[in-house]
Amino acid sequence: LLRAGQGDHLLLKRGDTFPLASTLVWNKGGASAEEPMVFGAYGDGARPIIDPGSMEAVHVTPGFQSADTIRHLAIVGLHFRSAQRDFTQPGFNIATVIPGRLAIRTVGVQTTAPQIVEDLLIEDCKLEFLGQGIVLEGPYTDSVRTVRLNRNVIVDTYVTNGNTNGVFVSNVRGLVMEENLIDGVQRAPGLRADLVTSSLSHTV
């Protein structure tokens, strides 16, 4: 079990695939910036795949009406991929594709904490064939602080209704993005033309 306030690691084996039965609700952090809690990978080979299907993969949240802040969390070296939404596969049909959600979201619901998340690192992850990539959003000003997005690949996010983003940010103080590749928003074949050209769909 992961211990709150400790530098514990939850590591998935490289080369393996982990289909999700439900969204991962992450409500713990590490000891310090030098000893973060890590959700990452071990071994050799390709990044481990987390397949959320039509669900959101990871919610980083202290919980309903919580006074806690999640500090010092690193999400590193993971591949978030919805195989059923892979439009490069033979027989893909945009009319029957499952809904797409997102890989990582910060969530604060009626929280009383001054910040819901502080010191979050998302690094060397790949996100593809999802509805959105990463959403960093707090319920009030500065409720998410000190976030680093480094060397991630976010490609081929698309939706069949509404709008999408590679990264969406709101009410965040201290965001640093370095060496990320974000490409292919709304390029799935067969999408309605208005969805492809929507001014509300962005890379960031």
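Which strands each supply at least two residues of the lining of the largest pocket? Strand E1 (9–13) and strand E3 (24–26) do. I'll come back to that pocket.

Ground rules. This is a predicted model, where local features need pLDDT of at least 70, side-chain atom pairs count only at pLDDT 80 or more, and totals for chains, interfaces and linings use all residues. Residues are numbered from 1 along each chain as its sequence is written, and side-chain values use heavy atoms, with hydrogens and water left out. Strands (E, at least two residues) and helices (H or I, at least four) are DSSP runs, numbered from the N terminus.

Now the pocket. Its space is about 200 Å³. A pocket here comes from a 1 Å grid over the protein atoms alone: an open set of points where a 1.4 Å probe fits, with protein on both sides within 12 Å along at least five of seven lines. Lining residues have an atom within 4 Å of a point. The volume is the space filled by probe spheres set on the points, which are joined across faces, edges and corners. E3 gives the most to the lining, with three residues. Among the lining residues are Leu-2, Phe-18, Trp-26, Phe-39 and Ile-50. By class, the lining has 10 nonpolar, one polar and one charged residues. Nonpolar covers Ala, Val, Leu, Ile, Met, Phe, Trp, Tyr, Cys and Pro; charged is Asp, Glu, Lys and Arg; the others, Gly among them, are polar.

Next, the sheets. E1 belongs to an open, parallel sheet of six strands, in the order E1-E4-E7-E10-E13-E16. Its edge strands are E1 and strand E16 (172–178), and each pairs on one side only. Pairing requires at least two DSSP bridges between two strands. Neighbouring strands of this sheet are turned by 10 degrees against each other on average, direction ignored. Those angles are between N-to-C directions, from 0 to 180 degrees, with axes fitted to C-alpha atoms.

Look at E13 in this sheet. Six bridges join strand E10 (residues 117–123) to strand E13 (residues 144–150), running parallel. Val-117 has Val-144 as its bridge partner in E13. Glu-118 has Arg-145. Another six bridges join E13 to E16, also parallel. There, Val-144 has Val-172 as its partner.

Now another sheet. Six strands form an open sheet in the order E2-E5-E8-E11-E14-E17, with parallel pairing. Strand E2 (17–19) and E17 stand at the edges with a single partner strand each, so one side of each has no neighbour in the sheet. The twist averages 10 degrees from one strand to the next. Strand E11 (residues 126–128) pairs with E14 in the parallel sense, over three bridges. One of the pairs is Glu-128 with Val-155 in E14.

Last stop: two loop residues. Thr-157 sits in the loop between strand E14 (153–155) and strand E15 (167–170). Buried or exposed? Thr-157 is buried, with a relative accessible area of 1%. Buried means under 20%, with a 1.4 Å probe and protein chains only. Residues that Thr-157 touches include Leu-130, Gln-132, Asn-165 and Val-185, not counting residues up to four places away in sequence. Contact means heavy atoms within 4.5 Å.

Val-185 lies in the loop between strand E17 (181–183) and helix H1 (193–196). Val-38 and Val-185 are 147 residues apart in sequence, and 29 Å apart C-alpha to C-alpha.

Key
Buried means under 20% relative accessible area, exposed over 50%, partly exposed in between (1.4 Å probe, protein chains only).
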